Each structure stands twice: as structure tokens, then as C-alpha cells.
Amino acid sequence: MATGDDAVLMRAAQTDPASFGTLFDRHFATVYRFCERRVGRSVAEDLAGETFRRAFEARHSYDLSMPNALPWLYRIALNLVRDELRARAAEDRAYARLHALAGTGWRNEDDQAARRAEARSDLVMLARLLLAEPRRDVDALFLHVWEGLSYLDVATALGVPVGTVRSRLSRLRHRLESHLTAPESRSPSALWEELE
């Protein structure tokens, strides 16, 4: 069965839950890789599993005109990833406040040296630039570049018109390229290739 038959599986899963297992087998590895890239291996399996649990529960609301379920699954996974990142950020802020109150440093000298070495890397610079960008633009970039989704599939995953995806990615690339034109940096196109 080709990926285009996901709608057939979803229709069958509405009355025969076992049909959802085929959809799970088909897309779990892809959803897992997406989660792993965003939040790391330690929680990726949990988030991917939760994605499919929620998808199974919402199978009756699936738009059967969509032949490929992957953008729909990305949308669910993206919401879970965002929740995980928010929770981590809150935890990091809490630990930082505790260390400040205790008057202790957050990192030792070895950690600081390692961070300085990493800061020279183009990918670290790119990551820092991405952190300063709007989350919705970065989400579109990750789905398109790392996950290989078409503009239409990214639009479906994010719940926005395809023109919005095109303009978000265009503006983001333009902003990043303007920051990455220093002579000591690798070309922006080389960085885009590394993201793929």
C-alpha cells in the first residue's frame, strides 16, 4: 500500500481499530525522527508514541480527502514538541533561579571552554540565530528542510495557508543569510545543506 492510501487506512480504522496499526507501522519512524531532532532521544519515543495515541483517538475527525496522513501527524507531534520545550524552558529557569539564590555558578570552567569552542562552529551560530527567530517560522523551516515536507504539507501540518508558509520561509532565509555573510562564515547555502 502506498502512502497515498493513508485515507483508506483512516477510513477503515474508524470501524476497525486494527487498521490503524498499519498507519502506525508506516509512519512511526518518521515521526520519531522528527521528535528526536527537536527534543533529543531521551523523550522522542514517548512523544512519538503520544502522537499516535492522540491520532488514534482523533481518527474519526481525520479529513479523508487527505491521502497522506503524515502532515496531520506532524501537526500533532509539533504541538507535543512545543509543550515539551516549554516545560524544559520553565525547568531551566527554575534551576537558574535556584543557582542564583545559592550564589553558585551554573557551569564550571571546563563547560565554559567547551561552549567557547562550540561557538566557533557555523551550526551553533545558526542555531543561535534560529533561537531569535519567531517559533512559527522555525517550525516551518524544520518541517520543510529536515523533514522534507512540501510547502503544501507544511501548511497542512501548521494549519496555515500555503502562501503563508512560502512567505515565512522566504523571510526567514533572507534574515539568516544576512547574518551569515561574514567572510569567516561558510556560505549560507552550505549551512542549508547541512540542515538537510
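This is a predicted model: local features need pLDDT of at least 70, side-chain atom pairs count only at pLDDT 80 or more; totals for chains, interfaces and linings use all residues.

Biologist: Okay, which residue does Arg-54 form a salt bridge with?

Modeller: With Glu-50, and the closest N and O atoms are 2.9 Å apart. Glu-50 is partly exposed too, at 21% relative accessible area.

Biologist: How many salt bridges does the whole structure have?

Modeller: A search turns up twelve. One of them pairs Glu-147 with Arg-37, with 2.8 Å between the closest N and O atoms. That pair links distant parts of the chain: Glu-147 is in the loop between α7 and α8, Arg-37 is in helix α2, and they are 110 residues apart.

Biologist: Is Glu-147 buried or exposed?

Modeller: Buried, because its relative accessible area is 15% and the cut-off for buried is under 20%. Arg-37 is partly exposed, at 39%.

Biologist: What about Arg-41, which side chain does it meet?

Modeller: Arg-41 meets Glu-36 in a salt bridge, 2.9 Å from N to O. Arg-41 is exposed at 63% relative accessible area, while Glu-36 counts as partly exposed at 22%.

Biologist: Switching topic: where is Asp-139?

Modeller: Asp-139 is in helix α7, residues 135-146. It counts as buried because its relative accessibility is 0%.

Biologist: What is Asp-139 in contact with, leaving aside neighbours within four places in sequence?

Modeller: Arg-38, Leu-78, Arg-82 and Leu-158.

Biologist: Now zoom out for me. How many helices and strands does the chain have?

Modeller: Ten helices and zero strands.

Biologist: And what share of the chain's residues is buried?

Modeller: Of its 196 residues, 36% are buried. The chain exposes about 11200 Å², and carbon and sulfur atoms supply 52% of that.

Biologist: Last one: what share of contacts joins residues at least 24 apart?

Modeller: If you take contacts between residues at least 6 apart in sequence, 62% join residues at least 24 apart.

Notes:
Residues are numbered from 1 along each chain as its sequence is written. Side-chain values use heavy atoms; hydrogens and water are left out. Helices (H or I, at least four residues) and strands (E, at least two) are DSSP runs, numbered from the N terminus. Buried means under 20% relative accessible area, exposed over 50%, partly exposed in between (1.4 Å probe, protein chains only). Contact means heavy atoms within 4.5 Å. Accessible areas come from the Shrake-Rupley method with a 1.4 Å probe; for residues, only the protein chains shown count as cover. A salt bridge is a side-chain nitrogen of Lys or Arg within 4 Å of a carboxyl oxygen of Asp or Glu.
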